[in-house]
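Dear colleague,

Please find the structure below for your records. A short account of the findings follows it.

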Amino acid sequence: MGSRLCNQLFHASYVSGAFGTEWSVKYNQQEICALKGSTVFMNGTFTHPEGLTVTETFSIIDPVPGVEPTDLSKGPDYSGRVECLTDEQKRFSLKLSDVMKKDEHQFYFRIITNVEIERWVGTPGVQLRVTELHVEAPEEVTEGETADLTCKTTCSLTDPTFIWYKNGRPLTTKTIKNNQLHLQTVSSEDAGSYSCAVGGSQHLHSTAHSLRVRCEFNSFFSFFLKVNKCRTLKMY
């Protein structure tokens, strides 16, 4: 688990315990953007008052004051998808698989000890945002022009590496900058179906976008040269 933990500044919440030391739960990130269908880890560290033994740790969402929080892993919506991992260095990771849009909640780390009144919910928690990939591009481009295709998200992914596909095959010879694919001096060869993905989650493609190329015929002779070459490909 240690390799999954981020080396970022922690956000902390503290309270004095009955045993003379402090409770603390520190989250690596207070907000995480995840791709729909991916697996996300919400990581951090914790401490507890001396003399206590941790008997149970789990993740919860949307706690209500005065109501005992429910372990997400035991609920019908999260059974088999959520797991709470801890180690001897008091590091934790809330693992959520097959992320869905309805998972957009504030997630908290819950600690239960051998003393009934000594239990803790770490605030402020982690806000999970969920996004899908979407290609923003013109539907038709005139031959000889340039075209920019953008791989859009509704929240900011952490250090993403964008990968582009044409007709289902990775593009390696085109200019890719951040989340944009730049097509310079477009020709009929550029017509086709484009989609994007993010490194590490290549199986989670965006919806395909069909790009048409309109040919320019400068003369009657060029028409005959281009008529068999200039065409629009259907969606892959």
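Which residues form one aromatic cluster? Tyr27, Phe46, Phe92 and Phe109 do.

Please note that this is a predicted model, in which local features need pLDDT of at least 70, side-chain atom pairs count only at pLDDT 80 or more, and totals for chains, interfaces and linings use all residues. Residues are numbered from 1 along each chain as its sequence is written, and side-chain values use heavy atoms, with hydrogens and water left out.

The whole structure contains five aromatic pairs (rings of Phe, Tyr and Trp, the last by its six-membered ring, with centres within 6.5 Å; planes under 30 degrees apart are stacked, over 60 edge-to-face, the rest tilted). Trp23 and Trp120 have ring centres 6.1 Å apart and planes at 20°, so this pair is stacked. Both Trp23 and Trp120 are buried (under 20% relative accessible area; exposed is over 50%, partly exposed in between, with a 1.4 Å probe and protein chains only). The rings of Phe46 and Phe109 are tilted, because their planes stand at 50°, with centres 5.3 Å apart. Phe46 and Phe109 are buried.

The search also finds 11 salt bridges (a side-chain nitrogen of Lys or Arg within 4 Å of a carboxyl oxygen of Asp or Glu). One of them joins Glu68 to Arg110 at 3.0 Å, N to O. Glu68 is partly exposed at 44% relative accessibility, whereas Arg110 is buried at 5%. A network of salt bridges links Glu68, Arg110, Glu116 and Arg119. Another bridge joins Asp103 and Arg81 at 2.9 Å, N to O, and both of these residues are buried.

Yours sincerely
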